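Have the structure open and follow along.

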Amino acid sequence: MYKTHSCGELRKSDVGKTITLAGWVHRYRDHGGVYFVDLRDRFGLTQVVINPEESKDLAQIVSEIRNEFVLQIEGQVNARPPEAVNPNMDTGEIEVHAAKITVLNTCKPLPFSINKEENTDESIRLKYRFLDLRRERMQKNIILRHKIIKYMRDYLDEKGFLEIETPIMFKTTPEGARDYLVPSRIYPGQFYALPQSPQQLKQLLQVAGMEKYFQIARCFRDEDQRGDRQPEFTQLDMEMSFVERDDILDLLEDLFTKMSKAVTPHKRILYEPWPKLTYQEAMDRFGKDAPDMRFGMELVDISDIAKNCGFSVFVNAIADGGSVRGINAKGLANYTRRQIDELTEQVRLWGAKGLAYIKISETGEESSTFRKFLNDDDWAGILKKMDAEKGDLLLFVADSNLSVVYDSLARLRVMLGERLGLRDNDVLAFCWIVDFPLFEWSEDEKRWDATHHPFTRPKKEDMALLETDPGKVRGDQYDMVLNNYELASGSIRIHERALQEKVFDLIGLPREVARERFHQIMDAFEYGAPPHGGIAPGVDRYVMILAEEPNIREVIAFPKNNAARDMMSGAPSEAMENQLRDLHLRVVMPEAKKEE
RNA sequence: GGGGGCGUGGUGUAGCGGUUUAACAUGCGGCCCUGUCAAGGCCGAGAUCGCGGGUUCAAAUCCCGUCGCUCCCGCCA
């Protein structure tokens, strides 16, 4: 071994020991006659003291040392003089007096500093990811991620789950997201697909009698990126047999509550047990099915008053089948006209036609663009319904399209919650959203579409509606939500061939196509498939939230950039001619690029 | 596929028509310094202002195009 101790473990009780450390030069301070090196490894920092006058070798090495050199240091652990103790360091009571220093490797000047937090263009960080990962922030995130995955494995093992790997090369299922394809050399013109999730495989494992399955599963989706999306990402994929919805919810709630407390003990879980909201309730109260429940400012429906009031914007929206709803931004009555105009501009970008407001100043003075259109009763009715007090700013969106009202107010609510400091990173507000509609009408394709996926089981009490009113059927489906993010989605599955076929029929999937894509699972249903269900929490997203990072790239060791490129290796890159030949492929560039 | 933002020494920023031989911090190189821990002091090197074109007497600065990065919409069963 190159070292007897890590750089994070020496304490006062080790004083007098002769030890060897190895690590990187985090910082050095040359005082002429005395020289300090903060030596870093993954476990911490230790101050090394060097007296160059003690030997020629030491003097020589001290003149050469630079940041991020890799050193091995032999020496004695000394107590620091009382006035030199550093209470900010774990090892701050001691220092190592160097007797011998070996330079294990040198380091060129760095493209960005590792020993302090500074904003660096992300493309440079990603290009030099091996250096970026040395930084404290990244080390913390990677360690947190490890702890979370270890907790998941230990917990599920304890509960009798089996971790089972499923193939990365599988079959394309051109439902949902775009697949990544892998060309077959042996079968010209045929392709494997990388799994968007191991959905069918984990259901087949239930037919196989595994009963409790989990996997830290890599999933692949060829869609454009976002801050919380990557072309490949990791899910805690789970599936269980002989379970009902609440068996799964209870288990996951217990896991995520205990795990959050274990890995981030300083954070507070706001609700125990977690609230369960129906999809409809979540929409009505928060305008979205992944609400931030750390704060109130809930949506209020004032349509009943607005439909007959004197303000034509409101009246017309409702007459056209829409709705008028508002939020009460407590304490924002000091917003100027200009600031409200900015909010209006913002909701326009989200699809709303405008933003009506009522301001009630601290002195009780009421002002609004639409006061003059309303009689006193309607005015008072709205104020009462909105729970308006002095200092409040009430904001309303009216639209003939209810989803525009929901969406714009939901976003406005989160934006104002952020401004008002109501989104405390030390608070974790978990909740469950249940009873989603099973189908939604696709206007583009003039047919019903599965909102989750076509394997979701209709709720027992809604089974009859499959024949009469598919839009009213609720699925036995559930989402785990944390602080404005959908963390997991799952459902009880269909396990009978006849019911599965009925659902495929309803979403307009021809029998022969269903057979080609899903024959393995359809066949399996006829061989004693047990009732089963599952869920798949997003690991990257969960780590991101706990680490308080703005995007999941910060919690992935080697992520791709916004354009799905690996900035370090340059992937994707062109294939060699012989590779293409082996795979029976020819590259046809898009029209615009052909001329180059 | 569409829209917004950004691009200035290694890094982060300022400058946004002439007052700039492009500034500041940090990093880098050298010298000084025996107790620092974001050490300090002095000196120095380092940028044809992403690239191409245009407007102008004059462009880092204005316009057009292009490339790169980034955020958002579409997309993500």
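Predicted model: local features only at pLDDT ≥ 70, side-chain atom pairs only at ≥ 80, totals over all residues.

Residues are numbered from 1 along each chain as its sequence is written, and side-chain values use heavy atoms, with hydrogens and water left out.

Let's begin with strand E23, residues 485–492. Of its 8 residues, 6 are buried (under 20% relative accessible area, with a 1.4 Å probe and protein chains only), so the strand is mostly covered. On one side, E23 runs antiparallel to E22 (residues 477–482), joined by 6 bridges; methionine 480 has alanine 488 in E23 as its bridge partner. The E22–E23 hairpin has 2 residues between the strands, and asparagine 483 there takes a positive phi near 50 degrees. E23 also pairs with E24 (residues 532–535), again antiparallel, through 3 bridges. Here isoleucine 492 is partnered with glycine 533 in E24.

Now hop over to asparagine 328, which sits in strand E14 (residues 323–329). Asparagine 328 is buried, at a relative accessible area of 8%. What does its side chain reach at 3.0 Å? The backbone oxygen of methionine 386. The side chain of asparagine 328 also makes a 3.0 Å polar contact with that of aspartate 392, a polar contact being a pair of N or O atoms within 3.5 Å where, within protein, one must be able to donate a hydrogen and the other to accept it, and residues adjacent in sequence count only if both atoms are side-chain atoms.

How values were computed: Chains lettered and ligands numbered in written order. Buried < 20%, exposed > 50% of the residue type's maximum accessible area, 1.4 Å probe, protein only. Helix = DSSP H or I, 4+ residues; strand = E, 2+ residues; numbered from the N terminus. Pairing = 2+ DSSP bridges.
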